[in-house]
Amino acid sequence: MSELKFATRLNSFASGAHRYWPEQQGKPSVMQMIARAGTAKGLTHLDLNYPQHLTTDIDTLKHGIEDAGLAVNGMQMRWDAPQFKIGAFTHPDARIRREAIELTKRGIDAGREFGASLMTLWMGQDGFDYCFQADYKKIWEDAVSAVREVAEYAPDVDVSIEYKPNEPRAFSIFPNATTCLLAVEEAGCANLGITLDFAHVLFANEVPAFAAAMVARRSRLLGLDLNDGWGKRDDGLMVGSVNPRATLEFLWQMQRDGYRGAYYFDTFPDASGLDPVREAETNIATVKRLLKLSERLNDNPALADAISRQDAVASQQIVNDLLLAG
């Protein structure tokens, strides 16, 4: 357990800013959020949004992160400038598409300076909202070719696609595991893979462990966003707070498939003003406990036998003995 990497969303540490910085007016700075994140017991890494979190020079940010006792796990692209409103990699204007691609390459370069070898692509602006709005084959090819170019630019960096069914677009170009696997196959780059966001997977009406198994079968699971939700939207709730059994199966499947990356918490304490430090520490404690439980599911002949026969009653009894022990 001591070798596990626990990372989280930096913007979470703006939650309840008025209580942590009572004399301050306005939002906390990136450096302030980094320092606050460093007070969360057990947290080892941060992910940085590019370019939004690069509000000062990289050396200053590096020193701030090191002083907080943290490291950078990876970079996450955010194409939220106005020109990308109707698409970054799928924008109808070739000049805007080129701008998005070059911005992503600069994000990879910045990540290298932090010692990070992971770039996550959440292509929220790429999709469509209306029938007869887009040439589907064209925007698919634009998306895949852009991902391919980015991956080929940095063969030493893992480039990971994070899917989400919709929001902000009514329909995303990569809405589920199946389309992501097809895109990775068509792009044909060894350093491409997929990030699974637990709440996004639920939102896509998928079973998290099944999605993880399919990614491991046809690609690589490069990133993991742990959270929870009710499946109606991207809730970003604390890990295991709604679906503890599905979370346990998800982690068990990933362990069996050899996942070695960070456990990243894409949760939203700021949505309701929770204490982000306590929230991060609770997420870490929950994951550690679930990972210990999943280890007890390994080499379990009774569970293996029940699964081989698809005996749901027997398998549920075994899991209940672990989860519901009184």
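Which strand gives the most to the lining of the largest pocket? In this predicted model, the answer is β9, with five residues. The pocket holds about 420 Å³ of space. Its lining comprises 27 residues, and those closest to the centre are L221, L222, G223, Y259 and G261. Strand β9 spans residues 221-226. Two further strands, β3 (71-77) and β4 (118-122), also supply at least two residues each. Eleven of its residues are nonpolar, nine are polar and seven are charged.

Rolling a probe the size of a water molecule over the atoms shows where empty space is left. The structure holds one cavity of 30 Å³ or more. The volume of the largest cavity is about 40 Å³. Its lining is formed by W122, M123, G124, E162, Y163, K164, S172 and F174. Four of these lining residues are nonpolar, two are polar and two are charged.

A cis peptide bond joins the two residues, with omega about 10 degrees. E167 also has a positive phi, near 80 degrees, although E167 is a residue other than glycine. How accessible is E167, and which class does its relative accessible area give? At 39%, E167 is partly exposed, because the value falls between the 20% and 50% cut-offs.

Further backbone exceptions lie in other loops. The peptide bond from Y50 to P51 is cis, with omega near 5 degrees. P51 is placed in the loop between β2 (45-50) and α3 (58-67). Q310 is not a glycine, yet its phi is positive, at about 50 degrees. This residue sits in the loop between α11 (301-308) and α12 (312-323). Q310 has a relative accessible area of 70% and is therefore exposed, the threshold being over 50%.

Helix α6 covers residues 177-187. Its buried residues are A177, T179, C180, L181, A183, V184 and A187. An α-helix has 3.6 residues a turn, so residues three or four places apart point the same way. The elements covering the buried residues of α6 include α5 (136-153), β6, β8 (192-197) and α8 (208-218). After the helix comes G188, with a positive phi near 70 degrees.

How do α6 and α8 pack, and at what angle? The angle is about 10 degrees, and the axes are 10 Å apart. The two helices are therefore roughly parallel, since the angle is under 35 degrees. From α6, the contact is made by A177, L181 and E185. From α8, the contributors are A211, M214, V215 and R218. Five residues of this contact are nonpolar, none is polar and two are charged. Two of the contact residues in α6, A177 and L181, are also listed among the buried residues of that helix.

Methods
Residues numbered from 1 in each chain as written. Predicted model: local features only at pLDDT ≥ 70, side-chain atom pairs only at ≥ 80, totals over all residues. Heavy atoms only, no water. 1 Å grid on protein atoms, 1.4 Å probe; cavity = no way out; pocket = protein on both sides within 12 Å on 5 of 7 lines; lining within 4 Å. Points joined across faces, edges and corners; volume = space filled by probe spheres on them. Helix = DSSP H or I, 4+ residues; strand = E, 2+ residues; numbered from the N terminus. Nonpolar A, V, L, I, M, F, W, Y, C, P; charged D, E, K, R; others polar. Buried < 20%, exposed > 50% of the residue type's maximum accessible area, 1.4 Å probe, protein only. Contact = heavy atoms within 4.5 Å. Axes fitted to C-alpha atoms, helices over the stretch in contact; angles between N-to-C directions. Parallel < 35°, antiparallel > 145°, perpendicular 65-115°, else oblique.
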